[in-house]
Amino acid sequence: QVQLVESGGGLVQPGGSLRLSCVASGIRFEVYGMAWYRQAPGRQRELVAKITAGGNTAYTDTMQGRCSISRDNARSTVYLQMNSLKPEDTAVYYCNGGGQGAYWGQGTQVTVSS
């Protein structure tokens, strides 16, 4: 059974930082690309960043250089470091991966507010 379990979300003040983690189980993590998406209330889910099995990264303009994706294959974990957070970054953040991005985590809530 494949599971992607996110953690690390929470309430943070504008300008703050968070590191999200996603632990994968039930798949050969090291052979798959992984990605982080987010979905704000009333909006479609959007891609934030992705990382290939080989560690190559790509980012959308969603967070405009304020985030960094990384992976630790030994821990079957993908991370999203987010800095200089803004209220508009408030969303549920989802981990995605597996063959053709087949699997999703349950999401972790990030709220940026003073």
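This is a predicted model: local features need pLDDT of at least 70, side-chain atom pairs count only at pLDDT 80 or more; totals for chains, interfaces and linings use all residues.

Modeller: Leaving aside residues up to four places away in sequence, leucine 80 touches Leu18, Arg19, Leu20, Trp36, Val48, Ala49, Cys67, Ser68, Ile69 and Tyr93. Leu80 also belongs to the largest nonpolar core, which has 26 residues. Within that core, Trp36, Val78, Leu80, Met82 and Tyr93 touch the most other members. Two or more residues each come from strands S3 (18-25), S4 (34-39), S5 (46-51), S7 (67-72), S8 (77-82), S9 (91-97) and S11 (108-112). S3 gives the largest share, four residues. In soluble globular proteins, nonpolar side chains tend to be buried together.

Cysteine 67 is buried, with a relative accessible area of 11%. The closest cysteine sulfur to that of cysteine 67 belongs to cysteine 95 and is 14 Å away, which is too far for a bond. Cysteine 95 has another partner: its sulfur atom lies 2.1 Å from that of cysteine 22, and the two form a disulfide. A disulfide is a covalent bond between the sulfur atoms of two cysteines. The angle about the S-S bond between cysteine 22 and cysteine 95 is -75°, and the link is left-handed. Cysteine 22 lies in strand S3 and cysteine 95 in strand S9, so the bond ties together parts that are 73 residues apart in sequence. Cysteine 22 is buried at 0% relative accessibility, and cysteine 95 is buried with a relative accessible area of 0%. The count for the protein is one disulfide.

Charged side chains come next. The protein has five salt bridges. In one of them, arginine 38 pairs with glutamate 46, with 3.0 Å between the closest N and O atoms. Arginine 38 is buried, with a relative accessible area of 7%, whereas glutamate 46 is partly exposed at 25%. Both residues belong to a network of salt bridges that links Arg38, Glu46, Arg66 and Asp89. Another salt bridge joins arginine 75 to aspartate 72, the closest N and O atoms being 2.9 Å apart. Arginine 75 is exposed, with a relative accessible area of 56%. Arginine 28 and glutamate 30 also meet through their side chains in a salt bridge, at 3.8 Å from N to O. There, arginine 28 is exposed at 56% relative accessible area and glutamate 30 is partly exposed at 38%.

Finally, the whole chain gives the setting for these parts. The protein has eleven strands and zero helices. Its radius of gyration is 13 Å, close to the 13 Å that the globule rule gives for 114 residues, so the protein is as compact as a globular protein of that length. The C-alpha trace spans about 40 × 25 × 25 Å along its principal axes. Of the 114 residues, 40% are buried. Among contacts with a separation of 6 or more, 53% are between residues 24 or more positions apart. The protein exposes about 6,000 Å², and carbon and sulfur atoms supply 44% of that area.

How values were computed
Residues are numbered from 1 along each chain as its sequence is written. Side-chain values use heavy atoms; hydrogens and water are left out. A nonpolar core is a set of buried Ala, Val, Leu, Ile, Met, Phe, Trp, Tyr and Cys residues joined through side-chain atoms within 4.5 Å. Buried means under 20% relative accessible area, exposed over 50%, partly exposed in between (1.4 Å probe, protein chains only). Contact means heavy atoms within 4.5 Å. A disulfide is a pair of cysteine sulfur atoms within 2.5 Å. A salt bridge is a side-chain nitrogen of Lys or Arg within 4 Å of a carboxyl oxygen of Asp or Glu. The radius of gyration is taken over C-alpha atoms; the globule rule is 2.2 Å times the number of residues to the power 0.38. Accessible areas come from the Shrake-Rupley method with a 1.4 Å probe; for residues, only the protein chains shown count as cover.
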